[in-house]
Amino acid sequence: MSSTVRFGIITKLSAYLYRACGLWLPDNMTCTLEAQVLTQGSGFHDGGAVTKNIHHTSGLRRLAVKWWGQPTVGNGKKKIPSKWPKLGRTWHTKLFILWVLGAAMLSMHTFYSMNNDIVERRKETLASMCDERARMLQDQFDVSMNHVHALAILVSTFHHRKNPSAIDQKTFAEYTARTAFERPLLSGVAYAQKVLHSEREQFERQQGWKIKMMKTKEPSPIQDEYAPAIFSQETIFYIESLDMMSGEEDRENILRARATGKGVLTSPFRLLESNHLGVVLTFAVYNTDLPSDATPEERIQATAGYLGGAFDVESLVENLLRQLAGNQAIVVNVYDITNSSNPLIMYGPQVADNSTPHVSSLDFGDPFRRHVMHCRFNENPATPWSAITTSVGIFVIAALVGHIIHAAKNRIAKVEEDFRKMEELKKQAEAADIAKSQFLATVSHEIRTPMNGVLGMLQMLMDTDLDATQQDYARTAQASGKALITLINEVLDQAKIESGRLELEAVPFDLRSILDDVLSLFSGKSRDKGIELAVFVSHQVPDFLIGDPGRFRQIITNLVGNSVKFTDRGHIYVSVHLAEKVKALMEANAKACSKNLTEDDKHCSTTSCDSLSGFEAADRRNSWETFRLLLSDGTYQQPAVSVKSTCAEASDTVNLIVSVEDTGVGIPLHAQGRVFTPFMQADSSTSRTYGGTGIGLSISRCLVELMNGEMSFVSKPGVGSTFTFTALLKRADAISQDIKRYHPEPLPTTFKGMRAVVVDGRPVRAEVTKYHLQRLGVQVEIVNDTKSALAILPARQNGDVKFSATLSTDMIIVDKDAWGPGTGLTFPNFLKDSRLGFNAQRSPVLPKIILLATCINGTDSESAKIAGFMETVIMKPLRASMVAACLQQALGIANNRQGKGDGTRSLQSLLLGKNILVVDDNRVNRRVAAGALKKYGANVESADSGKVAIAMLKPPHKFDACFMDVQMPEMDGFEATRQVRNLECLVNEQIESGGTSGEEYWNIDKWHVPILAMTADVIQATHEECLRCGMDGYVSKPFEEEQMYTAVACFLKPDSTVTS
């Protein structure tokens, strides 16, 4: 190969390596380098860059001069303009290319060196393993051969030299069997006696059998000499009477053995019976002692017989190799190479592998025959990954080091440019986020504002004198409007969640009251469907918690709403426990079930119908067995008492686990994977049975995650679903002012100390009833049926009725489902009969009988009236406030409480006679707000802009409060509020400094009018802005009575005349 071609190849290789390492090498430069090698003229053909004194050089020097030199044009004065990096113009770039070439050569040298070492180590390992096997085989063969020789001497001594012989077949067989361990390689030994033809007849008469041929086992034809086997080991008993001289291999073996006096071997052949490859070892047995230098003729003359042993080479070598470690790693072949041109295989498979084996010689003591052992690995050599990885690693590391050094400057420049672009993108993202928030606020305001007018006008219309049909139309329109508002809120919540702008409040709230409110929301639908709707809160859950009550209510409302929608029979059950308690109980149950799992183990049963309504539930964690264990760690304590018996309760945080169980249609298996996907439903067809947007569960799970919790579910089609979530909240101080603000009305205490008997055959439902009664301070005892209830009442004995002095039951609460055949309806009659049998002075007052029912039709109502159950009927779902009101009515206890539960009357007590200013640029909204406030007795004035509101609220003024819209033209509510606060600050400073008389400002020491924002958007940032600008609170559009009461109750005092 010429130097020109070689250097051309080097040039191409350099370019390839340069690009492979991540550096850019222009194509035209590669062409330039090739042209400089191949061109023998004065320079490039087209505008070359070679000076005149370079074309006189040749070979490597010529390439080096052109490559390392400074490219110029013509006379070398003008440099070539370049559009690529200055490759070849700086010494470190040239050094990097040489460095990469050197690394490539070094890596290839390393690979070949390491690969050769691996090959040599492989050969050495094979040689060591092969020599070891050959040595062990030969040693054992020598031992066996010595023992056969010793056996030949024994036969010569005790058979031929004793008269009579001391050895017979039985003795020989027993001896050889007991000494077989000394001949591990022999499958058996036998002795054949030398018999001349003249002695044959007498010999056969003595033995009692004919001499037979080996192959055909027919009587042997006439020969000069025979060698029939007379003694044999039991393992080869079949050769008795066979003539060893009749076999070609055996005859040759016998002749060589008696002539040499040594052990000789046959060539490999198939043994009788086993058909395995083997050889026969033969020793001559002499009847006299011969000198060591005896001639062959003397040895033949002294020969009396032949002792032979059969080596089953295949089995014996296989057993030997099996005892060695790594026998599967190599393939072993044993050959008889007496005839080198045609070696005979003694052991091992026919090998077609072309790899060179290792050969170990074998010496089996027969000088006439030669044996060898061939060994080769069973598998091809493994890929030399260590050599490959090491060589590649050397090359890659070297290339990377050079590349890092060379690219450092360019990388710094690129990072700076990327940082600049990132800053620009960050500003754009922040601007887009602000724009999105503003868009959400605007959309919320623009949609909710007309809806406020629609719902407000509908409410005002419903307050007028309408007939039944008109009332129904108005209620339907109002319900549709509220459904639209709910949908808008959900879509906005989803948008806030996706943008990461949803934040939670941290205010004290009463969890039990929230659950009661949610139940009241769905009480009508549950009664219409005839399904049980119940709630239970563990006594270990604190009375007051700190969190976001609105979002917690939203989660419960979504879950219960879905359950009501998809449930047509059975129950919906909401339970709240401490997560630590439930987790510990589940772990204990799992361990117990794993140890004692039997068919009759009810505690570990996966299906249980002992639920709230008796229908099977999807999740067994709400079964009576689990519920009973959760209740067994302590009795119920009233909400007014704080329980601090556990470490979890003693800490500031409370981890709640809430489950909503229903016995509805369940979720199909194919749809369970997309339950929490927004806008996805189990049935998304146009003809689906159930409506909805499919967004509620997605929002609920996001809210749960914001509360540092998790949401999961268990569902079985046709059985029902159980949704469970955890929420991490904080414990609130029960005596703080915030709690009094957010929970102003406690439950009545007039029932404390009373006793009640609950008659219910379902233990879970009975515990729920007990929970609501104990919240009121009532002591509760549960019985399964009415017969058990009679046991705690007066019992007749011999015609007399005796009362227990310790029993003073105030009420008996009977569940409708506890009516038994012949007992439930006769229970009140029995009490009436009992009253007639007592003296009025010593007879206690019979307890009140109260009926619990989910729904009562006309027939049931008539039956209950006849039986006397209609003193009071409490309709489910049970709520503490409703139960208290019903018990007050049944027991004749006056209700002197006044609170927000009184609805219109309590709100009227706050607003009656108050002067309220409504500021809104929308005329319809002003009418709606004014109408809503005037309904409760307020004096309302309106303003259509922020500027007008500032003038009307300039001290002194007559207004007790101001409802101000947030988004208005010219001046929004935020700016108007700030200016009003500034005016109030100036006036307050003048009053404090004495710069003005108190009479001028109506003798008010400090001016501060409560300003409540009327906001149609529900963005958290809007609420925060309301507080920053000086507003005292906010009311979302459209107005609701409870929300308005909560907002104004903090600033306005109730009118005592209305309260009284």
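**Briefing: Salt Bridges and a Parallel Sheet**

Helix α27 (residues 973–993) lies across strands β31 and β32, running at about 150° to β31. The model is predicted. Two topics are treated below: the open sheet to which β31 and β32 belong, and the salt bridges, of which a search of the whole structure finds 27.

**The parallel sheet and its helices**

- The open sheet is built from 5 strands in the order β30-β29-β31-β32-β33, with parallel pairing.
- Strands β30 (939–943) and β33 (1033–1036) stand at the edges; each has a single partner strand, so one side of each is left without a neighbour in the sheet.
- From one strand to the next, the twist averages 25°.
- Helix α25 (residues 923–934) packs on this sheet and touches β29 (915–919), β30, β31 (961–965) and β32. The direction of helix α25 makes about 165° with that of β30.
- M1014 has V1035 in β33 as its bridge partner.

- E225 and R258 meet through their side chains in a salt bridge, at 2.6 Å from N to O. E225 lies in strand β5 (residues 225–226) and R258 in helix α7 (residues 248–260), so this pair ties together parts that are 33 residues apart in sequence. Both E225 and R258 are buried.
- Helix α7 also contributes R256, which forms a salt bridge with D366, the closest N and O atoms being 3.4 Å apart. D366 sits in the loop between β13 (358–362) and β14 (371–377), and the two residues, 110 residues apart, link distant parts of the chain.
- D366 is buried because its relative accessible area is 3%, under the 20% limit. R256 is likewise buried, with a relative accessible area of 16%.

- The side chains of R420 and E417 form a salt bridge with an N to O distance of 2.3 Å.
- Both residues belong to helix α10 (residues 385–462); they are 3 residues apart, and therefore separated by about one helical turn.
- R420 is partly exposed, with a relative accessible area of 40%. E417 is also partly exposed, with a relative accessible area of 32%.

**A salt-bridge network**

- Salt bridges link E532, D760, R765, D815 and K876 in a network.
- Side chains of opposite charge can pair when their charged atoms come close.

Technical notes
Residues are numbered from 1 along each chain as its sequence is written. This is a predicted model: local features need pLDDT of at least 70, side-chain atom pairs count only at pLDDT 80 or more; totals for chains, interfaces and linings use all residues. Side-chain values use heavy atoms; hydrogens and water are left out. A salt bridge is a side-chain nitrogen of Lys or Arg within 4 Å of a carboxyl oxygen of Asp or Glu. Helices (H or I, at least four residues) and strands (E, at least two) are DSSP runs, numbered from the N terminus. Buried means under 20% relative accessible area, exposed over 50%, partly exposed in between (1.4 Å probe, protein chains only). Two strands pair if DSSP finds at least two bridges between them. Axes are lines fitted to C-alpha atoms, for helices over the stretch in contact, and angles run from 0 to 180 degrees between N-to-C directions. Contact means heavy atoms within 4.5 Å.
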